[in-house]
Amino acid sequence: AASTLDRIAPILTTLRAYDPANNPPATLLAGFDEVSDALCAVLDPAEFCRGTHPEPAWARAADSAYVKVAGAMALLNADRELYAALLRARALMEDGAAPRDEDTLEEDH
């Protein structure tokens, strides 16, 4: 859990500093997607393990990881700087100064 939070920290710094003059909105959305994927890569298996693992120590460790990452996610969901970055991207898209995300995002799946 801690290594995941450490890994996403620089991505979050970049997202908070998003400048639509230098990056298309798709760049911002890709960063949010990367953060989401990293958090869910911990939360999903931890949720499963904490409720199903027969070894209490494993279940406790999974619960600890889940609580730590879910708490971080709750803080991110209320992060005003991340919200402001989304608003900057939205304003750029609404002004017509940049192509819509569906025109710039490449399929990665």
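Y66 touches L43, A46, E47 and R50 once its neighbours within four places in sequence are set aside. This is a predicted model, and in it Y66 sits in helix α3, which covers residues 56–77.

- How exposed is Y66? Its relative accessible area is 23%, so Y66 falls into the partly exposed group, which lies between the 20% and 50% cut-offs.
- For a sense of spacing, take C40: 26 residues separate it from Y66 along the chain, and the two C-alpha atoms are 9.9 Å apart.

**The whole protein**

- The protein has five helices and zero strands, giving the pattern α-α-α-α-α when you read along the sequence.
- There are 109 residues in the protein, and 29% of them count as buried.
- Take the contacts with a separation of 6 or more: 68% of them come from residues 24 or more positions apart.

**α1 against α2**

- Helix α1 (residues 2–16) packs with helix α2 (residues 25–52) at an angle of about 165°, and their axes are 10 Å apart. Angles over 145 degrees count as roughly antiparallel, so that is the label for α1 and α2.
- The crossing of α1 past α2 is left-handed.
- On the α1 side, the contact is made by T4, L5, R7, I8, I11, L12 and L15. On the α2 side, the residues are L28, G31, F32, E34, V35, A38, L39 and V42.
- Sorted by class, this α1–α2 contact has eleven nonpolar, two polar and two charged residues.

**α1 against α3**

- The axes of α1 and α3 come within 11 Å and cross at roughly 10°. That angle is under 35 degrees, so α1 is roughly parallel to α3.
- From α1, the residues A2, L5, I8, L12 and R16 meet K68, A72 and L76 of α3.
- The class tally for the contact of α1 with α3 is six nonpolar, no polar and two charged residues.
- L5, I8 and L12 are named in the contact with α3, and they are also named in the contact with α2.

- T4 has its place in helix α1. Is T4 buried or exposed? Its relative accessibility is 11%, and because buried means under 20%, T4 counts as buried.
- Leaving out residues up to four places away in sequence, T4 touches A38, L39 and V42.
- With a relative accessible area of 56%, T14 is over the 50% cut-off and so counts as exposed.
- Where does T14 sit relative to G31? The two are 17 residues apart along the chain, and their C-alpha atoms are separated by 8.3 Å.

How values were computed: Residues are numbered from 1 along each chain as its sequence is written. This is a predicted model: local features need pLDDT of at least 70, side-chain atom pairs count only at pLDDT 80 or more; totals for chains, interfaces and linings use all residues. Side-chain values use heavy atoms; hydrogens and water are left out. Helices (H or I, at least four residues) and strands (E, at least two) are DSSP runs, numbered from the N terminus. Buried means under 20% relative accessible area, exposed over 50%, partly exposed in between (1.4 Å probe, protein chains only). Contact means heavy atoms within 4.5 Å. Axes are lines fitted to C-alpha atoms, for helices over the stretch in contact, and angles run from 0 to 180 degrees between N-to-C directions. Angles under 35 degrees count as roughly parallel, over 145 as roughly antiparallel, 65 to 115 as roughly perpendicular and the rest as oblique. A crossing is left-handed if the near helix is turned anticlockwise from the far one by less than a right angle, and right-handed if clockwise. Ala, Val, Leu, Ile, Met, Phe, Trp, Tyr, Cys and Pro count as nonpolar, Asp, Glu, Lys and Arg as charged, and the others, Gly among them, as polar.
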